Amino acid sequence: RGDDLSGDDSSWSDGVWSEDDDEESLSFEDSGEGSGSSSSSDAESDEGAAEESDSSEDEVAPRNTVGDVPLESKKRDREGCIEAYLRNADDDKNWRKIYDEYNDEEVQITKEEAKIISRLLKEKTPHANDYVDWFEYEDKGHPLSSAPEPKRRFVPSKWEQKKVVKLVRAIRNGWIKFDKPKEEPNLYLLWGDETDTTDNKRQGLSYNPAPKPNLPGHEESYNPSVEYIPTQEEIDSYQLMYEEDRPKFIPKRFESLRSVPAYEKALREGFDRCLDLYLCPRTRKKRINIDPESLKPKLPSKKDLRPYPKTCYLEFKGHTGPVKSISAEMTGQWLASVALAKSQNFFHKNNSCIVVSSLYHKEEVQNLGQLGIAGKSREVETGRCLKVWDVGGDVRVRHIAWNPAPDRPILAAIVEHDLLLLNAGVGSEEVQMRAKELLQIGEMAPQDDTDGKKPAVRWMKYEKLDGITLIHHKAVSNVDWHFKGDYFTTVVPTVLLHQLSKKHSHHPFRKLPGLPVAATFHLSQKMFFVATKKFVQVYDLQKAQLVKKLESGLREISSISIHPVGDNVIVGSKDGKLCWFDTDLSTRPYKTLKTHSKDITSVTFHRKYPLFASSSEDCTAYVCHGMVYSDLNQNPLIVPLEILRGHSSSDGRGVLDCKFHPNQLWLFTSGADCVIRLYCD
């Protein structure tokens, strides 16, 4: 054996094998003592290694049995592609197997090892949650370095400033250009498929596919049944029809498909089809199968919203002309009306009932007074006309408004171009004396003539009726009182404010976006509303400036009314539409109701109940429920309740005015038929 190995560089002597070229050597002793000592030393080394190692997996000995033989010289049998494909198909975990060339075996990696490999390929830390911040710990008491903070950390860097200035100069001079967003090509497929939504959105227009032609039926077969083939008489009758009524195709029968001739109109119909697709506009109608009842808003029942005016109980007859305007006194005891019959009539109300007094005797009035109003039987003790004022001549009285202060029984009536203030003569003697004192004029107070021109209004004594006349240079169209009873406003081609106690007039709003139609005061705040033909201007009287501008979108506004709370406004128009504005929500209408077929003449809110009404030239008056909630997150509830009819048309005019009773659920309407009606529950 020694002779066989004599030619090598290695040597065998005394039971010891050694290699000259390698640093490592393997030695063993033949004697028992040597072997025992070596085994004991190996055991001690194994125990020491076991004590030092914390993990058995990290120090697993390699399973290579070939020694340090170069692996390039070893050849491993490669499996074929078919065997590899079958093995991948059978084993779903085969993708996690790798070949270990050193140990000559296949190893299956775990999911955790696969995640580590994936993170390493992404240039991340191997473990996601194993990062340890060595500079942050609970018991840290000393900084990493005791060196003082350098000054450069507190002083702005001059080098960075120079660099920023250099970059800014380069950007301004155009030396540095940023990448512009790529413009998408405005191209699309002319005959593309309708399912391709990306190509269909061209030029912001929705894609409308071409209508598909109908599929051919049995009559268009080359060999149809006998019942589809017309007789010669039927063919002759086709010639007597109009061209649009004739059938487009007459079925014919052929023995075989080879006998079918070419279609003579194929080229023409193809050309017409292309023209239809190219020239004819198409619209897409989206049809959704929805129950129409589900689209209706869920409104409360009318029974739950009672009481509200719905029945005419009384009629006030006595005027000989159309009743232009009516006004109820604040206590609800008196009602004033004006008509084109040169007079103003007052009707007395007693025991919460209103009766016609000037047309009946007292006995007839007693019989009429046994009407049930609001569920109770009420008796009328007297029904008389309190006072009639004759303004004389061919003078037209157009509008009337009662002072809202109970201690000031004063009426404001528009007579021709001017405004007339009268003492109504109702109430106690003390109240009447106070009204007479307010209607006294001493020396003429200086008026609003700051522009060097003559004053817009002159306060003059009206001796005939013991009142005051406000002479305007232009016709007055509307008058309205402040809720305290001292101020009032008139609408001419501009808006004027007047103070009764000081006999002073003022012109605060000189710039308006159009001719004013109506003006009214806020019921509790220092706000003023001016309605023009298109807009509603909201002014702050204390600051004398514009606060809001409400856009109605109507053709022409005709009337306006303010909710008692003050945050909601309704306006009527001459095209029969009523707009509800929620000023806290938006400057545009919250709801627009198309209630009347003709012009709306008046709109009004009830002072105590959630009701509002509108009257129109179509001889009807609408009563609606309008609940305004204190919760700002809840929108107002608007429910149409009743259509009040009864007035007749005269000269194309219907209901001219409507007003609610201040305390009761009563609605007064005046019409062109010379009648005033009272509606209640």
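The lining of the second largest pocket has 11 nonpolar, 2 polar and 8 charged residues. In this count Ala, Val, Leu, Ile, Met, Phe, Trp, Tyr, Cys and Pro are nonpolar, Asp, Glu, Lys and Arg are charged, and the others, Gly among them, are polar. The lining comprises 21 residues, and Lys248, Phe249, Ile250, Tyr263 and Lys265 lie nearest the centre of the pocket. The space in this pocket is about 1100 Å³. Rolling a probe the size of a water molecule over the atoms shows where empty space is left. Here a pocket is an open set of points, on a 1 Å grid over the protein atoms alone, where a 1.4 Å probe fits, with protein on both sides within 12 Å along at least five of seven lines; lining residues have an atom within 4 Å of a point. Grid points are joined across faces, edges and corners, and the volume is the space filled by probe spheres set on the points.

The model is predicted: local features need pLDDT of at least 70, side-chain atom pairs count only at pLDDT 80 or more, and totals for chains, interfaces and linings use all residues. Residues are numbered from 1 along each chain as its sequence is written, and side-chain values use heavy atoms, with hydrogens and water left out.

The protein chain has 10 helices and 36 strands; these are DSSP runs numbered from the N terminus, helices being H or I with at least four residues and strands E with at least two. Of its 681 residues, 32% are buried. Buried means under 20% relative accessible area, exposed over 50%, and partly exposed in between, with a 1.4 Å probe and protein chains only. Among contacts in the chain with a separation of 6 or more, 50% are between residues 24 or more positions apart, where contact means heavy atoms within 4.5 Å.

Strand β14 (residues 410–415) is largely enclosed by the rest of the structure, because 6 of its 6 residues are buried. In a regular strand the side chains alternate between the two faces of the sheet. In β14, Ile410, Ala412 and Ile414 on one side and Leu411, Ala413 and Val415 on the other are all buried, so that both faces are covered.

Two strands pair with β14, pairing being counted if DSSP finds at least two bridges between them. Strand β13 (residues 397–402) runs antiparallel to β14 and is joined to it by 5 bridges; Ile400 stands opposite Ala413 there. Strand β15 (residues 418–423) is also antiparallel to β14, with 6 bridges, and Leu422 in β15 is the bridge partner of Leu411. The hairpin of β14 and β15 has 2 residues between the strands, and in it Glu416 takes a positive phi near 55°.

From β15 the pairing leads on to β17, with 3 bridges in the antiparallel sense. Leu419 has Leu470 in β17 as its bridge partner. Strand β17 (residues 467–472) has 5 of its 6 residues buried and is therefore largely enclosed by the rest of the structure. Strand β16 (residues 457–462) pairs with β17 over 6 bridges, again in the antiparallel sense, and Trp459 stands opposite Leu470. In the hairpin of β16 and β17, which has 4 residues between the strands, Asp466 has a positive phi near 55°.

Other backbone details lie in loops. Most residues other than glycine have a negative phi, and most peptide bonds are trans. Glu123 has a positive phi near 60°; it is in the loop between α3 (111–121) and α4 (158–173), and is exposed with a relative accessible area of 75%. Cys619 also has a positive phi, about 65°, but it is buried at 12% relative accessibility, in the loop between β31 and β32 (621–627). A cis peptide bond, with omega about 5°, joins Arg306 and Pro307. Pro307 lies in the loop between α8 (292–295) and β5 (311–317).

Strand β31 (residues 611–616) contains Ser615, which is buried at 0% relative accessibility. Beyond its neighbours within four places in sequence, Ser615 is in contact with residues including His596, Asp599, Thr620, Val655 and Cys658.

His563 is in the loop between β26 (557–562) and β27 (568–573) and is buried, with a relative accessible area of 10%. Its side chain reaches the backbone nitrogen of Val565 at 3.1 Å. Not counting residues up to four places away in sequence, His563 touches Leu523, Asn568, Phe605, Gly626 and Val628.

Definitions and conventions: Polar contact = N/O pair within 3.5 Å; in protein donor to acceptor, adjacent residues only side chain to side chain.
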